[in-house]
Amino acid sequence: MGNTKSNESLLMIIWTQSLVALLGSLFFSEVMGYIPCELCWIQRILMYPLVVIYGVAAFKKDISVALPGLILSGIGMFVSLYHYLVQKLPAFHEAGGSCGVVPCNTQYINYFGFITIPFLAGVAFIVIFVLHIIVMKKHGRN
């Protein structure tokens with residue numbers, strides 16, 4: 001019984017994380033006026049459906065309906081990592097200069113010297129991916 005409540009709580013945390021990431025990306029573009037680069041758009045394409053996927057999973061209290069979320073968040077982790085490397089490592093920096101209208105190596109924010117928008121997206125994807133795995137493992141024990 002305890003695992004069921006725990007899984008429901010974790011599903012709500014996953015859904016909340018995806019919603020915060022969606023709202024954060026919209027805040028940066030619509031309020032702050034930051035134009036997303038091509039890699040940012042890919043991350044948005046991978047993140048936005050997660051709000052619906054995990055919302056349905058939380059509503060149904062069933063992680064098995066959220067397998068597409070695990071796949072999207074897994075891919076999103078790697079896209080975010082690559083984007084972060086483009087921003088932060090000189091060896092990758094050149095690859096981001098010709099990314100599109102807005103260069104992918106542009107750092108609109110850079111808190112504490114390492115927190116950029118792809119960093120925030122990467123953390124969100126990792127949190128979602130790891131918590132999904134935890135819920136799956138707990139679900140398998142029931």
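This is a predicted model: local features need pLDDT of at least 70, side-chain atom pairs count only at pLDDT 80 or more; totals for chains, interfaces and linings use all residues.
Helix α2 spans residues 38-60, and helix α3 spans residues 67-88. The two helices pack at an angle of about 155°. Because this angle is over 145 degrees, α2 and α3 are roughly antiparallel to each other. Their axes lie 9 Å apart. The crossing of α2 and α3 is left-handed.

Both helices supply residues to the contact. From α2 come Leu39, Cys40, Ile42, Gln43, Leu46, Pro49, Leu50, Ile53 and Tyr54. From α3 come Pro68, Gly69, Leu70, Leu72, Ser73, Ile75, Gly76, Val79, Ser80, Tyr82 and His83. By class, the residues of this contact divide into 14 nonpolar and 6 polar. No charged residue takes part in the contact of α2 with α3.

The cysteines were examined next. A disulfide requires two cysteine sulfur atoms within 2.5 Å. By this rule the model has 0 disulfides. Cys37 is in no disulfide, and the nearest cysteine sulfur, that of Cys104, is 3.4 Å away. Cys37 has a relative accessibility of 5% and so counts as buried. Cys40, one of the α2 residues in the contact with α3, is likewise in no disulfide. For Cys40 the nearest cysteine sulfur is that of Cys37, at 3.5 Å. Cys40 has a relative accessible area of 17%. The limit for buried is under 20%, so Cys40 is buried.

Methods. Residues are numbered from 1 along each chain as its sequence is written. Side-chain values use heavy atoms; hydrogens and water are left out. Buried means under 20% relative accessible area, exposed over 50%, partly exposed in between (1.4 Å probe, protein chains only). Axes are lines fitted to C-alpha atoms, for helices over the stretch in contact, and angles run from 0 to 180 degrees between N-to-C directions. Helices (H or I, at least four residues) and strands (E, at least two) are DSSP runs, numbered from the N terminus. Angles under 35 degrees count as roughly parallel, over 145 as roughly antiparallel, 65 to 115 as roughly perpendicular and the rest as oblique. A crossing is left-handed if the near helix is turned anticlockwise from the far one by less than a right angle, and right-handed if clockwise. Contact means heavy atoms within 4.5 Å. Ala, Val, Leu, Ile, Met, Phe, Trp, Tyr, Cys and Pro count as nonpolar, Asp, Glu, Lys and Arg as charged, and the others, Gly among them, as polar.
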